Amino acid sequence: MGDMGTTNHSEVTDFILVGFRVHPELHILLFLLFLFVYAMILLGNIGIMVIIMKEPRLNTPMYFFLGNLSFIDLFYSSVIAPKAMINFWSESKSISFAGCVTQLFLFALFIVTEGFLLAAMAYDRFIAICNPLLYSVQMSTRFCVQLVAGSYFCGCISSVLQASMTFTLSFCASWTIDHFYCDDRPLQRLSCSTIFIHKLVSYCLSGIIILPTIIVIIVSYLYIVSTVVKIPSTEGRQKAFSTCSSHLGVVSVLYGAGSFMYLTPDTYPELSKVASLCYTLLTPMLNPLIYSVRNKDVKEALRKILRENIFLFISV
């Protein structure tokens, strides 16, 4: 591959994904863990999308957003998990330069889109609880589509900037990425370029992405709480809060796992990988569980679909 001391990023053809530094005998255990989690992600998120498409009662803005959330969770985990599982059995553990660019780009695209989508879902709950008479007008189909499209647009712009900044660096120290997928931080450690500007732009970009979404979520829930506490009946307050509890659970899981990942010091790479695992795989696994366990409409729709399918099976 040439002289590693002088090689520029343009000459890199492959990176090596180190993965988890564990005893080789544990690779099969990790593979089975990844396989189980990924199977749960596929089952849960595809299940949520099927339920929403098949049940007419769920043809509302809230479930339109939830269907898109499941789609995003399904695809950003699929960017990470299959390659990680292949590498447990591969001796080379290599990923092409183009594959690494694609993985970083798609992961950034879907994860940023999810942040904006969760903000849109918080706004949806705010309108539903604080302005219920105007809900059907303000949360029209056109406006909901615009919110989702805007979320994807912001994700796309962010991922283009992130990927282009990262892969214009020169990688002359090593091509070995101490991680189980191509992420910005371990790639920075491989660079022999000056990364001060890169880090500054990354922090600014993170602030531009995170602050507005967090502000929308917090302000929406402040208004929601102030409205719900004025509801005279206990049953009414519980019903209002129940429509928000699933969304709050998903927000807590995503931002909690994300904070754990990005606040973990680089001096503990193995801990950083565990934090990344929570962020990239556990979050999309837990989201459909949160919505199916805590949401009455989803549970009833699931029971209805299961009864229909069981009846058809028995009839045959």
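Predicted model: local features only at pLDDT ≥ 70, side-chain atom pairs only at ≥ 80, totals over all residues.
A search of the whole structure turns up one disulfide, which links Cys100 to Cys182 with an S to S distance of 2.0 Å. The torsion about the S-S bond is -120 degrees, making the link of Cys100 and Cys182 left-handed. Cys100 belongs to helix 3 (residues 97-130), while Cys182 sits in the loop between strand 3 (176-177) and helix 6 (184-190), so the bond ties together parts that are 82 residues apart in sequence. Both partners are hidden from solvent: Cys100 is buried at 0% relative accessibility, and Cys182 is likewise buried, with a relative accessible area of 0%. Cys144, by contrast, takes part in no disulfide, and the nearest cysteine sulfur, that of Cys244, lies 16 Å away.

Attention now turns to the nonpolar packing. The largest nonpolar core holds 70 residues, and those touching the most other members are Phe34, Phe65, Leu66, Leu69, Leu118, Phe180 and Ile224. Several helices give two or more residues to this core, among them helix 1 (27-54), helix 2 (61-89), helix 5 (141-166), helix 7 (196-228) and helix 8 (234-263). Helix 3 supplies the largest share, 15 residues. A second, separate core comprises 15 residues, including Ile95, Leu104, Trp175 and Ile195.

Methods. Residues numbered from 1 in each chain as written. Heavy atoms only, no water. Disulfide = S-S within 2.5 Å. Helix = DSSP H or I, 4+ residues; strand = E, 2+ residues; numbered from the N terminus. Buried < 20%, exposed > 50% of the residue type's maximum accessible area, 1.4 Å probe, protein only. Core = buried A, V, L, I, M, F, W, Y, C linked by side-chain atoms within 4.5 Å.
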